[in-house]
Amino acid sequence: MKRLYTLLFALLTPMVLTAGTIYLSPQGNDKADGSKENPLRTPHAALKLAREWRRTADERTAGGIEICFEAGRYALERPIYIRPEDSGTEDSPTTLRAAEGAEGQVFIVGSTPITDWKKKGNCWVAEAPKMHGRPIFSRQLWGFSGKLFRANQFGEGKMERMIAFDTKSRTITIPKPAIEGLEQAPALEMMVHQRWATAILRVKEMRYEGNTAVVSFLEPESYLEFEHPWPQPVIGEAKGNSSFMLMNAREMVDENYEWWQDPSTGRLYLYAEDAAIDPNKQTVYISTMERLMTIEGAPQKAVEHIYFEGITFADTAWNRPSEEGHVTLQGGFAFIDGYKLYDKPGFAWDENLENQAWVVRPEAAVSVCNARHIAFTGCNFIALGATGLDLATNVHHSSVTKCLFRNIGGTALMAGSFGEGATEVHIPFNKIGSEEGFCSYLLLAENTITNATREDWGGVGIGCGYVHNTEIIGNTISEVNYSGIAVGWGWTKRKTGMERNRIAYNTVRDYARQLYDAGGIYTLSNQPKSYIENNIIYAPVDAPYATNDRGFCIYLDAATDGYTIRNNWCEILDSFGFNNPGPKIRFEGENSPEVDRQALENSKKAKQ
């Protein structure tokens, strides 16, 4: 009888399960046992050990697995790959986090230091580190607490108006550069401002005609730039012609922190007229990787219950423009193909459509697809070449909260399919009734995004495509070159499956710094039962190279429908942009400077 009472007591008493813990250190050894005294060195080894614990039903998985990173830089030689076999459960998740006392000091990086700089005139010169016997080439150098400026004609972010854009000859005419010798520069590039997007074009030839230069370009970007109709540069609009800048020539290196890499030798030149700029005393890193981590399941076998806490992801590259140019439709999505329909435009689902386009998804430092219950909490995404964090397709019941995104080349935080790949972008998304492709039940909350879209000005702070039941709550966004928060895709009034999205209690300022046709909050297409409410949205920046004034606090772009818009503090009275909105847009209460901004700020703080 005593034995029976003991058994009943054990069954009725809640069990306190502790997580099995695996430790890592940059000074560790992947042949160690992963204990605190004998840590592993790489995340790959830690994940493999955790995977083996789960495969063998090790008792250490009972309360979950914690992979604890001691402070330091974890320089990857290959991306981290998390697969369905790494999945945890609700009761036994896998958590990757900074070890106690290492918060804010754990860096997963895709870079390597550049050493042995030598001063020659006003430049420091170094040989690029080698990988597989060849110099590393990159468009990104990180150092001196930020991003170093790749050589350009006028200085970072500065442009000049073009003279002509000729679709027949596929040339752009510009004023003759004041810098001598650019017509002979190897690997010269041109960045083009085209309304709400940019293009980066590799120069094929630049010939001078009097006080002008006529520039032609390599393929495939030459075809893409001159065939696609939206968006192209404009000549003679209200505020002038579209603008450009030339980039990537040794002759342009003339400002502190500006740099250039010789395309034939890999040798690096860093301008440093200021004696305080010494790369032998403050380490400069060259990016070696575009992707740091992929979390990827299969459509019917998701990765589940993986959590990240207090980890910094940093120092990635973005090399696409150097290899094939970069001509974008919107939001950083580059064309695969695109052209105007001259004969009998229109389709059964859009009788007025006069162009077609196919796009590719931007690279991301961290990518998630076919996953559920993934959480990033208190993580940092810093110094990244393209997209920061991408919840790409078929991601559900997941969250990104209290994270910092800073110094991001493209969009900081992206979610949902954008019909990329084989799907023409205007076709109403054809997976209605299926979770595959969509992202849903996402929480993107209390994140800080600043200084994003530095490489591709057409990116945004937070960009969501085909999502539903997604909450974008309490984020702070500043210093972006296009829109702050953008939700929706497809340019269609038809049902797509996007619905019940909520954009609330966000603060958006200092946006549309370079491009226009932009919004602090920007929407596309039909999204029934969705809300834009209680946001604080400052006026757009007066973009210096815009050719018109289409910048708004809230921009309901093509076919936006289904939104209720209420109680948003907008800094200016003329706060809204409209482009053929649907009949189910609802405005409630005040959406203007008359809203009590302080009350909204207090409510936001209370929620945090």
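This report describes some of the salt bridges in a predicted model, and then turns to one strand and its neighbours.

**Charged pairs**

Side chains of opposite charge can pair when their charged atoms come close.

| Pair | Distance, N to O |
|---|---|
| Lys 301 and Glu 85 | 3.6 Å |
| Arg 361 and Asp 390 | 2.6 Å |
| Arg 566 and Glu 588 | 3.3 Å |

The salt bridge between Lys 301 and Glu 85 connects distant parts of the chain, since the two residues are 216 residues apart. Lys 301 is found in the loop between strand 25 (293-296) and strand 26 (303-309), while Glu 85 is found in the loop between strand 4 (80-82) and strand 5 (94-98). Lys 301 has a relative accessibility of 46% and therefore counts as partly exposed, and Glu 85, with a relative accessible area of 42%, is partly exposed as well.

Are the partners Arg 361 and Asp 390 buried or exposed? In the salt bridge that Arg 361 forms with Asp 390, both residues are buried, and a residue is called buried when its relative accessible area is under 20%. Because Arg 361 lies in the loop between strand 30 (355-360) and strand 31 (364-377), whereas Asp 390 belongs to strand 33 (residues 387-401), this pair ties together parts of the chain that are 29 residues apart in sequence.

The salt bridge between Arg 566 and Glu 588 links strand 49 (residues 561-570), which holds Arg 566, to strand 51 (residues 586-592), which holds Glu 588, and the two residues are 22 residues apart. Arg 566 is partly exposed at 28% relative accessibility, and Glu 588 is partly exposed at 35%. This pair also belongs to one network, in which salt bridges that share partners join Glu 471, Arg 502, Glu 533, Arg 566 and Glu 588.

**Strand 48 and its neighbours**

Strand 48 (residues 551-556) is mostly covered, as six of its six residues are buried. Strand 45 (residues 518-523) runs parallel to strand 48 and is joined to strand 48 by five bridges; Thr 523 has Leu 556 of strand 48 as its bridge partner. Strand 50 (residues 576-578) also runs parallel to strand 48, and three bridges join these two strands.

Note on methods: Residues numbered from 1 in each chain as written. Predicted model: local features only at pLDDT ≥ 70, side-chain atom pairs only at ≥ 80, totals over all residues. Heavy atoms only, no water. Salt bridge = Lys/Arg side-chain N within 4 Å of Asp/Glu carboxyl O. Helix = DSSP H or I, 4+ residues; strand = E, 2+ residues; numbered from the N terminus. Buried < 20%, exposed > 50% of the residue type's maximum accessible area, 1.4 Å probe, protein only. Pairing = 2+ DSSP bridges.
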